[in-house]
Amino acid sequence: MNKKRLALAALLTVFSALLFAGCAAQPETISKGEAFPLLYEEKPGVILVLPPINETTAADAKDFYLVTLARPLSLMGYYVLPIEITNEMFKAYGVYDTETMIKTRGSDFKKLFGADALLFIRLMKWDTAYYIIGGHVTVALELAMVSTATGRELWRYQGEFLLDTSESPGQNSGVAGLILAIVATAVKTAAADYVPVADRLNAIVISTVPMGKYQEKHQQDKDARIIKKPAPVTGN
Amino acid sequence: MRLVPFFAAFLLLAACSPGKPNLLYEYENYARTLYSYKKAPSDATREAHLAELDRIIAVSAEKGKRVPPGIWAERAYFLGKAGKGEEALKSLDKEKETYPESAVFVDNVRNEMKGGGK
């Protein structure tokens, strides 16, 4: 009897230790309602995307990132003003730099575009690393939504995604196998275009936005939990 | 509850995989053709993207879904670039019809197009 109890107690201790260790490793979460109360209060519908602030070494990162943004934000239930057009308009007015536009009052954007909120984009990383036996493509960014009516920040989130483009020798043995792997990695890394990487990063970052009016859960997802401080995500 | 952000992320990701869940909009290959156009702007890449926009509109109708925000307007923009002003204006009106909140924006673009012959 005693031995059995002892064994059971030991088992329970080990089990709960594992469970606790598992829990401790979980990232801290917060509910959308707690994180973004102002967005739930203001309920913006029409979003105007501003040209990205580019802190990366890739000069064309701005243009290429913008092709990926409309879809995830629209799927969350927002009306996103057509980015190709609004971007051209900003260029035509000679204000391609968001840094300059920050000085313009939100009410001007409301008047000219009917925008309820501005979407700020800060591109932090947009690079390819190739080191013969491996390679990766990394995109990191920060997004923020600011009200045109009140100038308050309604939502902000950032994320980083690393796509591993390394190719392992796998079945192929010896030098020949290694050479094949090196070439494959080079091709994979060079050919890696940013769209799928940006898509995956957007999925992570934009899923934290409270649902907009075109989604069923509009104003009803306050309990949805998001990760408070997202760590870089790796995939391949 | 912790599953919700992952589920939402999955919804957004899953559109590219078979057996996808029912998303609010159909985007087909939108980013791909637009990316190709921006990388190498030409009549060919522009026509390819316009064809893709038409496809999005057609598939949306087939599936009884609204055309995604901005698609009608973007179609108008590229039609304008192709010199098809009349069709472009009609497409702009479809944007306003589908999304009344775009009225301020659409009216401004309309005036610019009529005036500047975009």
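Biologist: In the hairpin of E6(A) and E7(A), which residue takes a positive phi?
Modeller: This is a predicted model, in which local features need pLDDT of at least 70, side-chain atom pairs count only at pLDDT 80 or more, and totals for chains, interfaces and linings use all residues; side-chain values use heavy atoms, leaving out hydrogens and water. Residues are numbered from 1 along each chain as its sequence is written, while chains are lettered from A and ligands numbered from 1 in the order in which they are written. Helices (H or I, at least four residues) and strands (E, at least two) are DSSP runs, numbered from the N terminus. The hairpin has 5 residues between its strands, and the residue with a positive phi near 75 degrees is Gly151(A).

Biologist: How many bridges join E6(A) to strand E7 of chain A?
Modeller: Two strands pair if DSSP finds at least two bridges between them. Here Thr138(A) has Leu162(A) in E7(A) as its bridge partner. E7(A) covers residues 153-164, runs antiparallel to E6(A), and is joined to it by a number of bridges that comes to 11.

Biologist: Which residue of E9(A) stands opposite Leu163(A)?
Modeller: Strand E9 of chain A spans residues 233-235 and pairs with E7(A) in the parallel sense over 3 bridges. Opposite Leu163(A) stands Gly235(A).

Biologist: How many bridges join E5(A) to strand E6 of chain A?
Modeller: E5(A) and E6(A) form a hairpin with 4 residues between them, and Ile132(A) in the turn has a positive phi of about 60 degrees. Leu123(A) has Leu141(A) in E6(A) as its bridge partner. E6(A) takes in residues 135-147, and the bridges of this antiparallel pair number 13.

Biologist: What is the bridge partner of Ile53(A) in E5(A)?
Modeller: E5(A), residues 117-130, runs parallel to strand E2 (residues 46-49) of chain A, with 3 bridges; there Leu48(A) is partnered by Leu118(A). Strand E3 (residues 53-54) of chain A also pairs with E5(A) in the parallel sense, over 2 bridges. For Ile53(A), the partner is Arg122(A).

Biologist: What pattern does chain B follow along the sequence?
Modeller: The secondary structure of chain B comes to 6 helices and 0 strands. Read along the sequence, the pattern is α-α-α-α-α-α.

Biologist: How many residues of helix H2 of chain B are buried?
Modeller: Buried means under 20% relative accessible area, exposed over 50%, and partly exposed in between (1.4 Å probe, protein chains only). Tyr30(B), Leu34(B) and Tyr37(B) are among the buried residues of H2(B). These buried residues pack against helices of chain A, including H4 (61-75), and of chain B, including H3 (43-62), contact being heavy atoms within 4.5 Å. H2(B) is largely enclosed by the rest of the structure, because the buried residues are 7 of the 10.

Biologist: Are H4(B) and H5(B) roughly parallel or antiparallel to each other?
Modeller: Axes are lines fitted to C-alpha atoms, for helices over the stretch in contact, and angles run from 0 to 180 degrees between N-to-C directions. The two axes come within 7 Å and cross at roughly 170 degrees. Angles under 35 degrees count as roughly parallel, over 145 as roughly antiparallel, 65 to 115 as roughly perpendicular and the rest as oblique. H4(B) and H5(B) are therefore roughly antiparallel.
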